[in-house]
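I set out to record what I looked up in this structure, entry by entry.

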Amino acid sequence: AREQLPHQLATMQGKAGHPAYMDAQTEKAFMKQPCVFLNSKKAQASKTRVSRMVKSVGLGFKTPQEAKEGVYIDKKCPWAGAVSIRGKLLRGTVVSTKMKRTIIIRRDYLHYVKKYNRYEKRHKNVPAHVSPVFKLNQGDSVIVGQCRPLSKTVRFNVLQVVSEASGGKKFSKF
């Protein structure tokens with residue numbers, strides 16, 4: 001069994017099993033927020049929880065309660081990490097949740113074909129980073145915001161879950 005330091009919390013009261021409330025140390029390297037000092041004499045003496053750096057992303061999106069109370073460490077999280085949201089805001093449906101902290105959303109749109117005077121259905125798949133704040137399933141509708149490149153393909157971050165899963169792969173315009 002691993003010994004726990006005062007600044008590490010294995011679980012918290014609240015949403016049991018939610019990724020935001022799990023143990024912060026999930027990697028081989030020691031995970032910490034860069035701007036939070038963990039070795040405070042006051043915090044160690046009183047055995048209180050160490051402060052957590054949380055910011056607002058703005059644009060009318062509220063900071064989730066899990067981001068404020070959770071113990072997760074995610075440097076690519078828009079609330080608890082070093083990522084700012086700027087640029088486009090997109091809405092899409094979750095198609096894949098197979099990657100770790102990354103989802104694929106499907107954006108459906110209509111393309112006009114001048115020759116036939118009609119529209120054809122098209123779609124684009126957009127990879128987006130998902131913070132441990134959210135528990136997403138296939139079919140959920142989400143709003144993502146553009147940020148700096150987080151990896152080779154990921155340039156968006158999930159900001160809000162609009163609606164829960166209603167069905168599989170459908171064209172959502174009609």
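The entries below follow that order, after a note on conventions.

**Conventions.** I worked on a predicted model, in which local features need pLDDT of at least 70, side-chain atom pairs count only at pLDDT 80 or more, and totals for chains, interfaces and linings use all residues. Residues are numbered from 1 along each chain as its sequence is written, and side-chain values use heavy atoms, with hydrogens and water left out.

**Salt bridges.** I searched the whole structure and found 3 salt bridges, a salt bridge being a side-chain nitrogen of Lys or Arg within 4 Å of a carboxyl oxygen of Asp or Glu. I noted R101 with D74, at 3.4 Å from N to O. This pair links distant parts of the chain, 27 residues apart: R101 lies in the loop between β1 (89-99) and β2, and D74 in the loop between α2 (65-69) and β1. Helices (H or I, at least four residues) and strands (E, at least two) are DSSP runs, numbered from the N terminus.

I then looked up burial for the pair, where buried means under 20% relative accessible area, exposed over 50%, and partly exposed in between (1.4 Å probe, protein chains only). R101 is partly exposed at 27%, whereas D74 is buried at 5%.

I recorded D108 with R106, whose closest N and O atoms are 2.9 Å apart; both residues are buried. I also recorded E120 with R122, at 2.7 Å from N to O. Here E120 is partly exposed at 31%, and R122 is partly exposed at 34%.

**Strand pairing.** I counted two strands as paired if DSSP finds at least two bridges between them. Strand β3 (residues 118-129) runs parallel to β5 (residues 156-163), joined by 2 bridges; H129 has N157 of β5 as its bridge partner. Strand β4 (residues 141-146) pairs with β5 in the antiparallel sense over 6 bridges, and Q146 stands opposite F156 in β5.

**Cysteines.** I applied the rule that a disulfide is a pair of cysteine sulfur atoms within 2.5 Å, and the count came to 0 disulfides. I found C77 buried at 0% relative accessible area and C147 buried at 1%.

**Surface.** Which residues form a nonpolar patch on the surface? I found L110, Y112 and Y119, with about 310 Å² of accessible area together. Patches take residues with over 30% relative accessible area and no salt bridge, joining like charges within 9 Å and nonpolar side chains (Val, Leu, Ile, Met, Phe, Trp, Tyr) within 5 Å; areas come from the Shrake-Rupley method with a 1.4 Å probe, and for residues only the protein chains shown count as cover. Y112 lies in strand β2 (residues 102-113) and is partly exposed at 37%.
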